[in-house]
Amino acid sequence: MANEHRVARGKTSAKDYRHVGKRHLVRNSQLRRATGRSRREWFDALDEAGALNWDHKRIVRWLGGKEDADAWWAQSVAIDYEHKRKAPVTPSVANPTTTAVITATVHSDVISLWPLLDDDDLRRAWLDCEFEVGTREGRLGINFLAADGSRIRISLKPLADMADGTPRSRVIVRHSHLPENAVDETRAFWKAMLGELVRMVA
């Protein structure tokens, strides 16, 4: 691994999480494996850097830039830090501003695309982050739970073939339960990941 703070490749399962109140918290052991530090060590580093006076975006930027933490682990650590040290972050489930929706058109039929969502190894080839796999909706949708408690639904929609007969499908990512100030960064993350998927299928 090039940097000890980069997320470790490996399957994240339900045993790597614990509940704290209504929150779905990643276990310290999993956090250390993925980032090289425990929650307390991250909190101490943030305190030393002066993060008590920072907003959410600045904390995430510091974690991802200076400390080189993976984007989703940076989000998870930032939200945990704000819950512990500052006023709780309580995103509204129903508020549309806490949901990021990103789509991409892929030159493939949904049957061929499905394994790239469903199979752990094939999914890792284009998705640079680990999520807990939830329910599946036939071969047209799959649900995930992120380390920060946010939820992801990736669905497939068949489109009309191109004039030359090339099949097309639309991939739709709906990432909900997000803090409002994390929506733009989440959209950028998924835009990049779907770009990798499009290039992989091309």
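Arg123 touches Leu116, Leu117, Asp118, Val133 and Phe144, leaving aside residues up to four places away in sequence; contact means heavy atoms within 4.5 Å. This is a predicted model, in which local features need pLDDT of at least 70 and side-chain atom pairs count only at pLDDT 80 or more, while totals for chains, interfaces and linings use all residues. Residues are numbered from 1 along each chain as its sequence is written, and side-chain values use heavy atoms, with hydrogens and water left out.

**Arg123**

- Arg123 belongs to helix α6, residues 120-124; helices are DSSP runs of H or I with at least four residues, numbered from the N terminus.
- Arg123 counts as buried because its relative accessibility is 6%, the class being defined as under 20% relative accessible area with a 1.4 Å probe and protein chains only.
- The side chains of Arg123 and Asp120 are joined by a polar contact of 2.7 Å (a pair of N or O atoms within 3.5 Å; within protein, one must be able to donate a hydrogen and the other to accept it, and residues adjacent in sequence count only if both atoms are side-chain atoms).

**Trp73**

- Trp73 is located in helix α4 and, at 5% relative accessibility, counts as buried.
- Trp73 and Ala147 are separated by 74 residues in sequence and by 7.3 Å in space, C-alpha to C-alpha.

**Helices α4 and α7**

- Helix α4 (residues 71-85) packs with helix α7 (residues 183-201) at an angle of about 160°, their axes being 11 Å apart; axes are lines fitted to C-alpha atoms over the stretch in contact, and angles run from 0 to 180 degrees between N-to-C directions.
- The angle therefore makes α4 roughly antiparallel to α7, a class that covers angles over 145 degrees.
- The crossing of α4 with α7 is left-handed, meaning that the near helix is turned anticlockwise from the far one by less than a right angle.
- Ala71, Trp72 and Gln75 of α4 meet Glu185, Thr186, Phe189 and Trp190 of α7.
- The contact of α4 with α7 comprises 4 nonpolar, 2 polar and 1 charged residues (Ala, Val, Leu, Ile, Met, Phe, Trp, Tyr, Cys and Pro count as nonpolar, Asp, Glu, Lys and Arg as charged, and the others, Gly among them, as polar).

**Helices α2 and α3**

- The axes of helix α2 (residues 39-49) and helix α3 (residues 56-65) cross at roughly 110° and come within 12 Å.
- Helix α2 is therefore roughly perpendicular to α3, the class for 65 to 115 degrees.
- Trp42, Ala45, Leu46 and Ala49 of α2 meet Ile59, Trp62 and Leu63 of α3.
- The residues of the contact of α2 with α3 divide into 7 nonpolar, no polar and no charged.

Technical notes
Helices (H or I, at least four residues) and strands (E, at least two) are DSSP runs, numbered from the N terminus. Buried means under 20% relative accessible area, exposed over 50%, partly exposed in between (1.4 Å probe, protein chains only). Angles under 35 degrees count as roughly parallel, over 145 as roughly antiparallel, 65 to 115 as roughly perpendicular and the rest as oblique.
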